[in-house]
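I want to look up the pockets and one stretch of strand pairing.

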Amino acid sequence: FLGTETYATENRVGRYQSYGALEIMYPGGFSASGFNINGWDWNMPPGTTTKVLPHADLAPRGDRVDERAASSFAAGLRFNEIPAGRILDRGQFGMYANDFQQNGSLTPTHDGSFRFKKSWFFIDDYIVCLGSAIQCADTSNNIITTLFQGKLNSTSAPIVLDNTNITAFPYASTVANGDHWLLDAYGTGYYVDASKNLNLARKTQTSLQQDGSGTTTNNFATAWFNH
């Protein structure tokens, strides 16, 4: 299935935008939801499962390239449709699933052994996110699933783990295995069931610009699983 679109001077390192991204957006758009292109870690779009690579290695071979998976299954449904104007484009409940395999023929850094399955269930104000069958023959690069990556408007803006504010900056921790509650800096809550290798970080990130040229920096809080 078709994923990210890449152009000569746009979205050069945005490969992973189609690898299961799940973006929680609030009124006010990007700035009110933690998305900021300056310092953005292109390996960590929220919701995605990715192989962590140097940003320069994420660029495609040509100027105009579409990211296409080797697999063909991705589907979604909505239930109890809610009219929005003249078009039925919303539902009270919904689900989405995909069976992903990376297309190893696109660049030398694409890996045909990299696979995962995802399914999401949308129920009222909750999204139940399930991942399984995550596999990759490459043992040299980490495979991760990102919960959130949000710009910190202040280095003292807290994230919350199990009702404890974390305000230290910089900060890095691997959370003890078990059940945990998280709140990001924008108030989105995450319940993690029986977590393993859950990592938290609050730091200054340096990134390639989206056109692939210079670098940018910014302060972010991130949470991810290291598989």
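How many residues lie between β12 and β13 in their hairpin, and which turn residue has a positive phi? I'm working from a predicted model here. I counted five residues between the two strands, and the one with the positive phi is Gly 187, at about 90°.

Next I checked the pairing itself. Strand β12 covers residues 178-183 and runs antiparallel to β13, with five bridges joining them.

I looked up who gives the largest share: that's β7, with eight residues.

The volume of the largest pocket came out at about 1400 Å³. It has 48 lining residues, and I wrote down the closest to its centre: Ile 127, Cys 129, Leu 147, Tyr 190 and Tyr 191. Sorting the lining by class, I got 24 nonpolar, 17 polar and seven charged residues.

Last entry is the second largest pocket, with a volume of about 350 Å³. It is lined by 14 residues, and the closest to its centre are Gln 17, Glu 23, Phe 30, Phe 35 and Trp 40. Its lining splits into nine nonpolar, four polar and one charged.

Methods: Residues are numbered from 1 along each chain as its sequence is written. This is a predicted model: local features need pLDDT of at least 70, side-chain atom pairs count only at pLDDT 80 or more; totals for chains, interfaces and linings use all residues. Side-chain values use heavy atoms; hydrogens and water are left out. On a 1 Å grid over the protein atoms alone, a cavity is a set of points where a 1.4 Å probe fits but cannot get out, and a pocket is an open set with protein on both sides within 12 Å along at least five of seven lines; lining residues have an atom within 4 Å of a point. Grid points are joined across faces, edges and corners, and a volume is the space filled by probe spheres set on the points. Helices (H or I, at least four residues) and strands (E, at least two) are DSSP runs, numbered from the N terminus. Ala, Val, Leu, Ile, Met, Phe, Trp, Tyr, Cys and Pro count as nonpolar, Asp, Glu, Lys and Arg as charged, and the others, Gly among them, as polar. Two strands pair if DSSP finds at least two bridges between them.
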